[in-house]
Amino acid sequence: MKASVTMIESNGHFCSDCAVRGSAVCASLDPAELKEFEHLGRRVHFGAGETVFSEEDIATSFYNLLEGVMRLYKLLPDGRRQIVGFALPGDFLGMNTSGRHNFSADAIGAVTVCQFAKAPFGRFMEDRPHLMKRINELAIRELSQARDHMVLLGRRSADEKVATFLLGWRERLSVLKGSSNTVSLPISRQDIADYLGLTIETVSRTFTKLERHGAIEIIQGGISLRDPARVEALAAA
């Protein structure tokens, strides 16, 4: 985890060129509302490994991820790290009931977020139930992902965990890039291990085993699903 040394763009006049607007929290806003909304946020750039926010810090901002991937994690009392999720473009982060962040978020590679101060965002949201509905939809999706992750950690073999992860990651990427059997993996084997509750050695062995059995092919920057049906059968076991 590195200290944050960020680049910040001035407010306003960027919603029109936002590549994730259709899937982001602001998708529910009409053109007039969007014009007002864009003056609430600012684009902030983080380099690889920089911290966007830390667990237990007071939550003063919300974040809409525009570009890149972020790892979301908690540190256990013994110093181990449990990754609880990965954020992709369009994800909205920082909403919580305690007033403090309940996990940390680091940039994997270069990341750009749209950052909103909590108080002005709250005032803007007050008279817009459609925006609140959109936020609730995103929160429900996040809760569903968290429940799926709990099942994944508790009752699956290493093969099943890796297969389920690859299919879930492909599904999330398909929303952004369209369906494909080539799955980019900007996240490290260690990150995958910390997400699945496995060791990095187990993850590497499982990737090699799946490749040896013809289910996947390990390629530069990701994997190719050579036999999607085999991977799906493992995930459904």
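Predicted model: local features only at pLDDT ≥ 70, side-chain atom pairs only at ≥ 80, totals over all residues.

Is Glu55 buried, partly exposed or exposed? I found that Glu55 is partly exposed, with a relative accessible area of 21%. For the cut-offs, buried means under 20% relative accessible area, exposed over 50%, and partly exposed in between, with a 1.4 Å probe and protein chains only.

Residues are numbered from 1 along each chain as its sequence is written, and side-chain values use heavy atoms, with hydrogens and water left out.

I placed Glu55 in the loop between β3 (51–53) and β4 (61–75). Strands here are DSSP runs of E with at least two residues, helices are runs of H or I with at least four, and both are numbered from the N terminus. Next I listed the contacts of Glu55, taking contact as heavy atoms within 4.5 Å. Leaving aside neighbours within four places in sequence, Glu55 is in contact with Tyr73, Lys74, Leu75, His101, Asn102, Phe103 and Ser104. I also checked Ala105, which is 50 residues from Glu55 along the chain; their C-alpha atoms are separated by 8.1 Å.

Glu56 sits in the loop between β3 and β4. Glu56 is partly exposed, at a relative accessible area of 48%.

I looked up Leu93 in strand β6 (residues 92–93). Leu93 is buried, with a relative accessible area of 6%. Not counting residues up to four places away in sequence, Leu93 touches Phe53, Phe62, Tyr63, Met70, Leu72 and Ala87.

Then I turned to Arg134, which belongs to helix α3 (residues 129–155). Which side of the cut-off does Arg134 fall on, buried or exposed? Arg134 is buried, with a relative accessible area of 17%. With residues up to four places away in sequence left out, Arg134 touches Ser23, Ala24, Val25, Ala27 and Ser28.

**Entry: helix α4 by itself**

α4 has 20 residues and reaches 28 Å from its first C-alpha to its last, close to the 28 Å expected at 1.5 Å a residue. That expected span is 1.5 Å times one less than the number of residues. Among the buried residues of α4 I noted Val162, Phe165, Leu166, Trp169 and Leu173. Just after α4, Gly178 takes a positive phi of about 90 degrees.

**Entry: α4 against α7**

Two packed helices are described by the angle between their axes and the distance between the axes. I took axes as lines fitted to C-alpha atoms, for helices over the stretch in contact, with angles from 0 to 180 degrees between N-to-C directions. The axes of α4 (residues 158–177) and α7 (residues 228–236) come within 8 Å and cross at roughly 120 degrees. α4 and α7 are therefore oblique to each other. For the labels, angles under 35 degrees count as roughly parallel, over 145 as roughly antiparallel, 65 to 115 as roughly perpendicular and the rest as oblique.

Which residues of α4 and α7 meet? Asp159, Glu160, Ala163, Thr164, Leu167 and Arg170 in α4 meet Pro228, Val231, Glu232, Leu234 and Ala235 in α7.

**Entry: α4 against α6**

I found α4 and helix α6 (residues 200–212) packed at an angle of about 75 degrees, with their axes 10 Å apart. That makes α4 roughly perpendicular to α6. Ala158, Asp159, Val162 and Leu166 of α4 make the contact with Thr202, Thr206, Phe207, Lys209 and Leu210 of α6.

**Entry: α4 against α5**

Helix α5 (residues 189–196) is mostly covered, with six of its eight residues buried. α4 and α5 pack at an angle of about 110 degrees, and their axes are 11 Å apart. That makes α4 roughly perpendicular to α5. Lys161, Val162 and Phe165 in α4 meet Ile192, Tyr195 and Leu196 in α5.
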